[in-house]
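Visitor: I have a model open and want to learn how to read it. Where do we begin?

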Amino acid sequence: MSTEYVGQSHTHAEVTAAPVGSCRSCGGPQPRPFLSLGRTPIANRLLRPDDLAEHEPVFPLEVGFCESCTLVQLTHALPAEEIFDADYPYFSSFSDMLCRHAEKHVTELMISRDLGPDSLVVEIASNDGYLLRAFVERGIPVLGIEPSPGPAAAARAAGVPTREDFFNADLARSLVAEGLRADVIIANNVMAHVPDLNSFVEGMSILVADDGIITVENPGVGALLEHTEFDTVYHEHFCYFSTIAVDALMRRHGLHLAGVEEFPELQGGTLRWNLQHAAVDSPQVRERLDRERAAGLDTFDRYASFGDDVRELQAELVTLLRELREHGRTVAAYGAAAKGATLLNSSGITTDLVQYVVDRNVHKQGKYIPGARTPILDPAVLAQRQPDYLLLLAWNVREEIMAQQSTFARRGGKFIVPVPRPVVCAGPLMA
Ligand SMILES: [Zn+2]
C-alpha cells in the first residue's frame, strides 16, 4: 500500500503501512475489519510550530477481529521505527488513581507471594521505576526492563536496576542464562504495544519461575465496547484483549489463567490477568470467560454493532459542537493524550469547532495535536479566556479534571464528556 499524505505534496521519506496478513496471536487468516477510523497521523507524535509547514503522513486506522482466536487487532502494521522514533514522547506523569492502584497491588503481591530478600520481581516496560521502587523500599530485589533510554536512566538513578532493552524470548533466555528467574513478572499496559506478541509471551513463560506468577494488566476490550471507548484505538495499540483471546494466547506458551480481576474505573476498564505454569480450575476465570461469551466477545457481530455505535457517537458529538458554534459558544478541550488525537481526527473536529486543548504536561504545551493541529496550552489560560465548554478528551480522569477545574465550573463553564455518548454537565460542584 502506498503512503498517503495530508495535502498536495510531502517532505517526509517514503513510509508504508502494510495490511496485516495473518493474526498476530494464532497466525490464522487476516483479521476481519469492523471499524475504520479513517487515515490518521500517529497519535502521539505532537507537532512543533516548525512542523506546521510540513504535510504529515497518515496511515489507515482500522480494527479487525480474528475469527480463529477472537483477538481484536489493527489491520495494518506500521514499521516500528515510525511509531517508536526519537520523538516518541515520554511522560512519567501518572494519575492519582493509577498511583493508588499500583501501591495496593504491591502490598497484595508482598503478602500473597510471601516476597523476601531472596525473591525477584521483574517488571516489563518499567518506565522510570515508579512501581519497582516500592519493592526496593521493602528490600525485595527487582529488575526493570525498559527500552527507552531516558526513563531507564531515571530508574537507575532512583536505585532501580534496569535493563535497557525490548522484552522478548531472546532477552528472557539470556536473563535465565545469567541465573535469573522471576518470582513475579509484572507487565502493565504493555502487551497491546508489542509487535511480536508470541515472542513476548514466550519470554514471560521462560523467565517466570516454576512456581512464580505473571500479572498482566491491560484495558479490556469488553469495556471498550460497552462504553464506546473507540478513541483508545490508535496506531501504537496493536491489540485489544478479551480474557477469551488472552487465554488462547497464553495456553500456546504453557501459561494458564489463575485469576482475573476487573478495575472498572481504571483507564476506562482495566483487566488484570494472573498467570502461572500450573493449570488450575479457577471459578473466577470460568465465570469471567462465561460472562465474556454471553456478551458476544467471541463473535464478529458484537464488534460490527460496536462499529455502528462509534459512528453514531461521532455524529452526535459533531452536531453538538456545530450547534455550539452557531450559538457563538467557545469550546476548548482538556487532555492532549493520544486518544484525544484519535477522537478529533476520526471525527473530523478541527480548530473551527475546538479552538485549543489544555494539558498540565509542560512538555506538550506549545505543541499541536497531529492532524487536527489543535494548539496545546497551559491550563492556566482557562482562567483568562474562560471558554463556555471544556471537551474532556481525557475522560478517563474526568473526576480529577472536574475537581481541578472547580473555578472554571463556578464561573459557569460546562464540561462535555464524549463517551459513551456525548453529554454536557456542569461538574460535580454544581450537581
Ligand atoms: Zn487469531
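**Reading confidence and a metal site**

Guide: Start with confidence. This model is predicted. The mean pLDDT of the protein is 91, and 92% of its residues reach 70 or more.

Visitor: Over which residues does pLDDT stay under 50?

Guide: Residues 1–13 are one such stretch, with 33 contacts in the model beyond four places in sequence. Residues 86–93 also stay under 50, and there the model has 14 such contacts.

Visitor: Now the metal. Which residues are the protein donors of the zinc ion?

Guide: Look for the donor atoms. Here they are the SG atoms of Cys23, Cys26, Cys66 and Cys69, lying 2.3 Å from the zinc ion. Their spacing in sequence reads C-x2-C-x39-C-x2-C. Cys26 and Cys69 link distant parts of the chain, 43 residues apart. Cys26 is in the loop between strand 2 (18–19) and strand 3 (32–40), while Cys69 is in the loop between strand 4 and strand 5.

Visitor: What is the geometry of the zinc site?

Guide: Compare the angles with the ideal. For four tetrahedral donors that is 109.5 degrees. The 4 donor atoms here give angles of 104 to 114 degrees, and the site is tetrahedral.

Visitor: Why does Cys69 count as buried?

Guide: Check relative accessibility against the cut-off. Buried means under 20%. Cys69 counts as buried because its relative accessibility is 7%. Cys26, at 29%, is partly exposed.

Visitor: And Thr70: buried or exposed?

Guide: Buried, with a relative accessible area of 10%. Thr70 sits in the loop between strand 4 (57–65) and strand 5 (72–74). Beyond four places in sequence, Thr70 touches Phe65, Ser242, Ile244, Ala245, Leu297 and Asp298.

Note on methods. Residues are numbered from 1 along each chain as its sequence is written. This is a predicted model: local features need pLDDT of at least 70, side-chain atom pairs count only at pLDDT 80 or more; totals for chains, interfaces and linings use all residues. Side-chain values use heavy atoms; hydrogens and water are left out. Helices (H or I, at least four residues) and strands (E, at least two) are DSSP runs, numbered from the N terminus. Buried means under 20% relative accessible area, exposed over 50%, partly exposed in between (1.4 Å probe, protein chains only). Contact means heavy atoms within 4.5 Å. pLDDT is the predictor's confidence in each residue, from 0 to 100. Donors are N, O and S atoms within 2.8 Å of the metal (3.2 Å for Na, K and Ca); water is not among the atoms, so sites may look incomplete. Four donors count as tetrahedral if all angles lie between 85 and 135 degrees; four count as square planar and six as octahedral if opposite donors are over 155 degrees apart and all others between 65 and 115; anything else is irregular.
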